[in-house]
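Here are some notes to read beside the model, written for someone meeting it for the first time. Please keep the 3D view open and follow the points in order.

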Amino acid sequence: MSNAHNLFDTLKQFDLGTGREGNYYSLPALEKAEVGPISKLPVSIRIVLESVLRNCDGKRVSEAAVRALANWKPVEERTEEIPFVVARIVLQDFTGVPLLVDLAAMRSAVAKLGKNPKIIEPLVPVDLVVDHSVQVDFAGGSDSMQQNLDLEFTRNRERYQFLKWGMQAFETFKVVPPGIGIVHQVNLEYLAKGVLSAGGVYYPDTLVGTDSHTTMINGLGIVGWGVGGIEAEAGMLGQPVYFLTPDVVGVHLAGALKEGVTATDLALTVTQLLRKAKVVGKFVEFFGPGATALPVVDRATIANMAPEYGATMGFFPMDEECVNYLRATGRSNGDCKLYENYYRAQGLWGIPQLGEIEYSQLIELDLATVRPSVAGPKRPQDRIELPDMRREFLGAFQRPVTENGFGRTRKDISRSVKLEMTNKKKVKVGTGSVLIAAITSCTNTSNPSVMLAAGLLAKKAVEKGLTVNPAVKASLAPGSRVVTDYLKKTNLQKYLNKLRFNLVGYGCTTCIGNSGPLDANIEDAVVKNDFVAASVLSGNRNFEARVHQNIKANFLMSPPLVVAFALAGRVDIDMSCEPLGTDKDGAPVYLADLWPTLQEVREAMESALKPEVFRKLYKDFAAQNPKWNEIPSSVGNVYEWDRKSTYIQQPPFFENFSMTPGSVQPITGARALGIFGDSVTTDHISPAGAIKKSSPAGKFLQENGVGAVDFNSYGSRRGNDRIMTRGTFANVRIKNLMLGGEEGGNTLGPDGQKTSIYDASIAYQKAGTPLIVIAGQEYGTGSSRDWAAKGTNLLGVKAVVAQSFERIHRSNLVGMGVLPLQFKDGTTAQTLKLDGTETYDIVGLDENIKPQQDLTLKITRQDGSVDEVSVRCRIDTPIEIDYYQHGGILLYVLRQLVAKA
């Protein structure tokens with residue numbers, strides 16, 4: 001309690017539920033002190049306000065920040081930044097390993113200065129869950145899971161050794177080993193406590209995570225969202241997470257879902273609705289009787305997809321359902337009582353109803369209007385009602401590529417080939433063939449209702465004699481071992497196995513592109529014939545080349561629909577009237593014949609979920625994973641870098657580190673490294689999937705003695721900047737308009753000839769030429785991938801000029817010292833007729849730069865003509881100005897820590 005303050009007389013006590021009292025910073029007391037109308041604020045804003053109040057020290061967090069947020073207005077110009085100190089941080093291994101690499105590099109830099117390397121130490125609890133490394137190399141067999149786990153450990157041994165070093169080097173850094181689950185499901189079922197305490201003060205469980213789907217925890221009434229690894233590192237080292245005061249969009253839910261409609265259908269409907277409402281960068285808060293009636297697992301499915309609808313959060317306030325979930329998942333009665341008592345004391349208990357809170361914008365949704373749906377073929381917001389699937393797929397097939405279509409002709413629809421697979425089975429593959437069917441992703445596997453529905457549908461299908469086409473690579477990859485437990489207890493796993501939905505592992509798998517190889521003969525036919533084949537998955541992302549680089553059409557859907565489409569074997573089908581197959585007697589079998597009733601699902605759930613199962617499966621991870629115990633670990637506070645490693649390398653960010661920051665200078669004589677269209681994702685910028693042999697990264701690995709069979713994925717090699725820089729903009733589907741929209745990571749070099757983006761960058765950097773990237777709408781949408789910004793920086797890119805940015809990527813660019821600039825409405829690369837032969841100057845950039853200031857982009861063409869256009873500087877807050885002046889957030893934080901030591 002020595003550091004506790006009593007600003008505004010807000011340090012009060014509440015009943016812990018044990019006969020004792022605990023201290024807390026009271027929001028009702030803050031309102032009583034007439035600081036602001038606290039009880040009228042959105043619940044999500046009040047939870048952030050509690051953190052600002054509790055951490056008010058006059059330095060990191062000022063009294064003015066408390067007053068400003070306490071007087072949040074639904075509609076006003078947003079210029080205030082909120083210094084949000086989070087309670088904890090969660091990581092997944094693809095983003096967590098490079099983050100640990102940066103921390104290790106910072107320790108090396110501090111040691112080089114002769115200081116104590118232990119000044120680099122996370123100040124809040126950090127949990128890393130290893131979930132991104134398992135791939136579906138083996139599927140359809142009883143031992144697929146063990147085979148994939150064995151291969152995962154073989155491929156990633158070096159990375160796992162490094163994680164073990166981190167566990168002993170940093171006191172607050174813990175690792176959930178491979179084979180346990182997916183970070184967001186593990187967070188929901190185990191890591192989240194709801195209320196935490198330190199120094200005798202109790203406070204809300206809040207967090208940021210290095211994965212955009214961290215928002216899943218919002219379904220449990222916990223404030224949290226995804227940030228880049230760069231921001232997370234700063235948060236670990238004591239920096240608040242700074243963000244502009246947000247608008248809060250209230251989504252009033254009424255009614256109830258109809259029979260046959262799933263939480264996935266609702267999540268896809270919300271995604272489409274909110275994308276249209278333009279909620280990017282805003283908090284979304286769900287309220288009303290419909291929200292109250294939803295169980296936490298349904299809320300979590302909706303919250304999980306906040307990045308897909310563009311919101312910072314998709315938040316559900318705290319109520320009795322949250323306590324029910326905490327109790328059902330094995331949390332102690334004491335923890336559950338504490339959770340309820342704390343939020344009651346704060347005046348935060350219960351989901352608000354219409355009229356109780358003023359929101360920036362109000363959106364209505366009647367749950368009774370939600371219909372069975374899928375989303376695709378290229379974006380999660382492109383929802384299709386199930387009966388329209390055939391028509392919509394064939395429409396997309398013929399639409400131009402510029403309109404999210406495939407640009408094919410009507411005569412291509414019927415194209416197919418017959419072939420023999422490598423296992424000698426004969427199949428037919430062509431337009432619309434389902435080649436991957438994956439029950440995957442925390443989005444849905446955390447929800448027992450849809451998982452049991454998939455098992456029940458499989459049971460009915462098997463009993464009728466239906467089978468899955470051998471061409472379909474089917475897999476089941478839950479986000480928790482609890483799923484396996486209840487599927488076995490209900491005797492449903494055996495039916496999924498008969499349809500080849502065998503367990504392949506506990507991890508993200510297909511949802512993040514770790515779908516593994518297709519049958520070699522099938523893949524050869526797809527590539528040679530340029531077929532538009534399909535994947536169906538219960539994931540949250542379906543961007544081009546994400547699921548598999550040779551599967552062009554990708555559809556998101558509920559787990560039972562994944563099974564249904566696997567049975568059908570094609571996506572050009574209207575399941576409302578076309579059969580999925582025929583039964584043992586040759587009679588047609590329709591989806592309606594297989595779909596489980598709500599009562600059947602409820603009965604299965606009652607016999608399946610037990611708190612003791614969660615307690616048993618979420619303890620003593622090391623004992624449950626002997627392969628993890630076999631991994632050796634180096635020791636010491638400073639990591640011993642191995643120059644020969646192709647997985648872990650000391651990054652160049654802290655080379656020649658000095659305590660003096662650089663100065664802000666105009667950018668002159670820049671050339672375009674790439675000109676891109678709309679919806680360029682972080683997958684396009686920094687791939688996570690397979691490394692091609694012919695790519696700069698593939699060539700580098702081969703030059704360093706790594707055979708193609710051991711390439712692993714880009715995601716697994718994020719600890720090595722040499723590979724990641726070569727992989728930046730190397731996605732096989734990225735279209736550079738400097739080459740007429742040609743796919744692949746190529747551009748025009750200084751000599752005007754086509755070359756890889758990496759090789760062009762090296763040539764420009766040798767010549768001392770700064771580079772810029774030009775793009776369209778929604779630049780950087782997708783995963784919170786810090787290497788999309790780090791790679792951009794290391795390619796020598798000084799600025800990115802786009803029509804609009806996705807929230808996390810814009811922040812990450814600033815965090816890496818890259819200047820984000822935004823075209824004014826109506827101005828685009830197309831209206832300016834840019835082709836990459838121009839020279840660019842950014843005029844007005846100097847030491848006096850202000851947040852969101854207008855600058856001038858001067859364009860000098862080959863014929864000597866000059867255009868000047870106004871662009872908005874998207875350094876949005878004063879603290880970001882500091883980061884930019886220091887060359888990035890990591891250098892800023894390191895200088896602060898060294899100065900204090």
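1. A word on terms before we start: helices (H or I, at least four residues) and strands (E, at least two) are DSSP runs, numbered from the N terminus. Residues are numbered from 1 along each chain as its sequence is written, and side-chain values use heavy atoms, with hydrogens and water left out. The model is predicted, so local features need pLDDT of at least 70 and side-chain atom pairs count only at pLDDT 80 or more, while totals for chains, interfaces and linings use all residues.

2. Let us begin with the whole chain. The protein chain holds 33 helices and 36 strands. Its radius of gyration (taken over C-alpha atoms) is 27 Å, close to the 29 Å that the globule rule (2.2 Å times the number of residues to the power 0.38) gives for 901 residues, so the chain is as compact as a globular protein of that length. Along the principal axes, the C-alpha atoms of the protein chain fill a box of roughly 80 × 80 × 55 Å.

3. Next, burial and contacts. Buried means under 20% relative accessible area, exposed over 50%, and partly exposed in between, with a 1.4 Å probe and protein chains only. Contact means heavy atoms within 4.5 Å. Of the contacts in the protein chain with a separation of 6 or more, 75% are between residues 24 or more positions apart. The protein chain exposes about 31400 Å², and carbon and sulfur atoms supply 48% of that area; accessible areas come from the Shrake-Rupley method with a 1.4 Å probe, and for residues only the protein chains shown count as cover.

4. How many cavities of 30 Å³ or more does a search of the whole structure find? The search finds 5. A cavity here is a set of points, on a 1 Å grid over the protein atoms alone, where a 1.4 Å probe fits but cannot get out; lining residues have an atom within 4 Å of a point. Grid points are joined across faces, edges and corners, and a volume is the space filled by probe spheres set on the points.

5. The largest cavity deserves a visit of its own. Its volume is about 210 Å³. The lining consists of 24 residues, and H132, D211, H213, I512 and R546 lie nearest the centre. Two helices, α4 (93-112) and α6 (183-191), each supply at least two residues of that lining. Sorted by class, the lining has 8 nonpolar, 11 polar and 5 charged residues. Here Ala, Val, Leu, Ile, Met, Phe, Trp, Tyr, Cys and Pro count as nonpolar, Asp, Glu, Lys and Arg as charged, and the others, Gly among them, as polar.

6. In α20 (residues 559-568), 10 of its 10 residues are buried, among them P559, P560 and F565. G569 follows α20, with a positive phi near 80°. Helix α31 (residues 807-815) has 8 of its 9 residues buried, so it is largely enclosed by the rest of the structure. The buried residues of α31 include H809, R810 and N812. Just after α31, G817 has a positive phi of about 75°.

7. F8, in the segment before β1 (11-15), has a positive phi near 60° although F8 is a residue other than glycine. At 18% relative accessibility, F8 counts as buried. N491 is not a glycine either, and its phi is positive, about 65°; N491 sits in the loop between α17 (481-489) and α18 (493-498). With 40% relative accessibility, N491 counts as partly exposed. A cis peptide bond, with omega about 10°, joins G376 and P377, and P377 lies in the loop between β16 (373-375) and β17 (383-385).

8. Finally, two glycines to look up. G689 lies in the loop between α26 (682-685) and α27 (696-703) and is partly exposed at 21% relative accessibility. Leaving aside residues up to four places away in sequence, G689 touches S713 and Y714. G581, in strand β24 (residues 581-582), is partly exposed with a relative accessible area of 22%. With residues up to four places away in sequence again left out, G581 touches A587, P588 and V589.

Note on methods. 1 Å grid on protein atoms, 1.4 Å probe; cavity = no way out; pocket = protein on both sides within 12 Å on 5 of 7 lines; lining within 4 Å.
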